[in-house]
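Work through the exercises below with the sequence and the model open. Try each task before reading its solution.

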Amino acid sequence: MIKISFLIPSSEIGGTERMLLLMIENLPADIFSPPVVFTIKGYGRFIDELKKRGIRTYTFNLKFRPFDFIKLLYCIRKESPDILHSFLFYGNLTGRVVGKILKIPVVISSQRSTDPWRKRYHWIIDRFTAKWADIIISNSNRGRDVLIEKAGISPGKIRVISNGIRLSKPEREIKREDFGIASSEYIVGTVGNLREAKGHIYIISAAPLILKEFPHTKFIVVGEGELKYALIKETERLKISDRFIFTGFVDNPAGIVSIFDVFVFPSLWEGCPVGLLEAMMLGKSCIAFPVGDIPYIIEDGISGLLVEYKSIEKLASAVITLLKDKKLREYMGNAAHKRVVEHFSLEIMMKEYISTYLELIDFKRKKG
């Protein structure tokens, strides 16, 4: 049996955390021992989800308790994994250092986005420590390109495995009436943590233009985050707060997304976005900015619409185009579903991850 441990900074839930949960739940039990998860940024909702699933979890807070690193080393050494798979910049850095110190057989890092927030020194650190990882798995082609261009990491060190999602119906049926929305009203919605990267401000800014054409439109924003009150305040400033519903965190947003007429995904930077894939899987007509691998995920004009980056007018125009044409919404929704089934299923993703794990373990064992 192969012992695998995952290391991730997050304590809250976003696309990366949801992917990790899916991966853990679908690792074959006849090949892998029950996986262990190490988190390094304190306690949060993600820890609750791990424990709810009975996943052995160690929680540390390296930012406020740097000496937790010693405890982290001790716990990982005790678990003695064959594979240590880390996620996100600080998780990758920690995982590589731990792997080097403890001589863990296989160390894998993950690139989950294009990370425009990084300073030059972040890329330098990434390049320097990359030699301590056996492989870097990027969930997007654009993420791989950024590592090559900005960190100077060898292309041979990077493998692309796109996110995959479970092809299933919502667990719980949600109706428009649950939100007080009439059958005659349109629903434009989005899903994502309420932070700058997700670009929610662009939906809010486009809303007055959309409401001029379709005054009976409601906007649903699913997610939680530090920008929540600033976004609500902006809807109040624009005098459209009565048209917006902020749901907060939702464990399984598929039920809500199923009632959307149009799904808008205005992220400002991405890798391979889970929220967008889930909306497409549900057969929703989707609109997005062309960032990360979104131009590969959405075939513009076929399985969705791509609009000019940060253009409020083009975003509003695309929403209006879809609201005007039910047949076009249905056509793009069907094409979106087909696209996900063929290229972004959970089965495809897991096959590639398992193959990579086994390949690296086999190589190390033969080398040893």
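## Exercise 1: the cavity

α9 (254-257) and α10 each supply at least two residues of the lining of the largest cavity. Helices here are DSSP runs of H or I with at least four residues, strands are runs of E with at least two, and both are numbered from the N terminus. The model is predicted: local features need pLDDT of at least 70, side-chain atom pairs count only at pLDDT 80 or more, and totals for chains, interfaces and linings use all residues. Residues are numbered from 1 along each chain as its sequence is written, and side-chain values use heavy atoms, with hydrogens and water left out.

Task: which residues line the largest cavity, and how do they divide by class?

Step 1. On a 1 Å grid over the protein atoms alone, a cavity is a set of points where a 1.4 Å probe fits but cannot get out; lining residues have an atom within 4 Å of a point.

Step 2. Count and size. The structure holds 1 cavity of 30 Å³ or more. The largest cavity contains about 50 Å³ of space, a volume being the space filled by probe spheres set on points joined across faces, edges and corners.

Step 3. List the lining. It consists of V191, P253, A254, V257, F263, G275, E278, A279 and L282. α10 gives the largest share, 3 residues.

Step 4. Sort by class. There are 7 nonpolar, 1 polar and 1 charged residues. Nonpolar covers Ala, Val, Leu, Ile, Met, Phe, Trp, Tyr, Cys and Pro; charged covers Asp, Glu, Lys and Arg; the others, Gly among them, are polar.

## Exercise 2: the pocket

Task: which element gives the most to the lining of the largest pocket?

Step 1. A pocket is an open set with protein on both sides within 12 Å along at least five of seven lines. The largest has a volume of about 1,400 Å³.

Step 2. Its lining has 47 residues, and G14, E17, L88, N193 and R195 lie nearest the centre.

Step 3. α1 (15-25), α4 (89-102), β5 (106-111) and α10 (274-281) each supply at least two. α1 gives the most, with 4 residues.

## Exercise 3: strand β4

Task: are the residues on the two faces of β4 buried or exposed?

Step 1. Side chains alternate between the two faces of the sheet in a regular strand.

Step 2. In β4 (residues 83-86), I83 and H85 lie on one side, L84 and S86 on the other; all are buried (under 20% relative accessible area, 1.4 Å probe, protein chains only).

Step 3. β4 pairs with β1 (residues 4-8) in the parallel sense over 4 bridges (pairing needs at least two DSSP bridges). S5 stands opposite L84.

Technical notes. Buried < 20%, exposed > 50% of the residue type's maximum accessible area, 1.4 Å probe, protein only.
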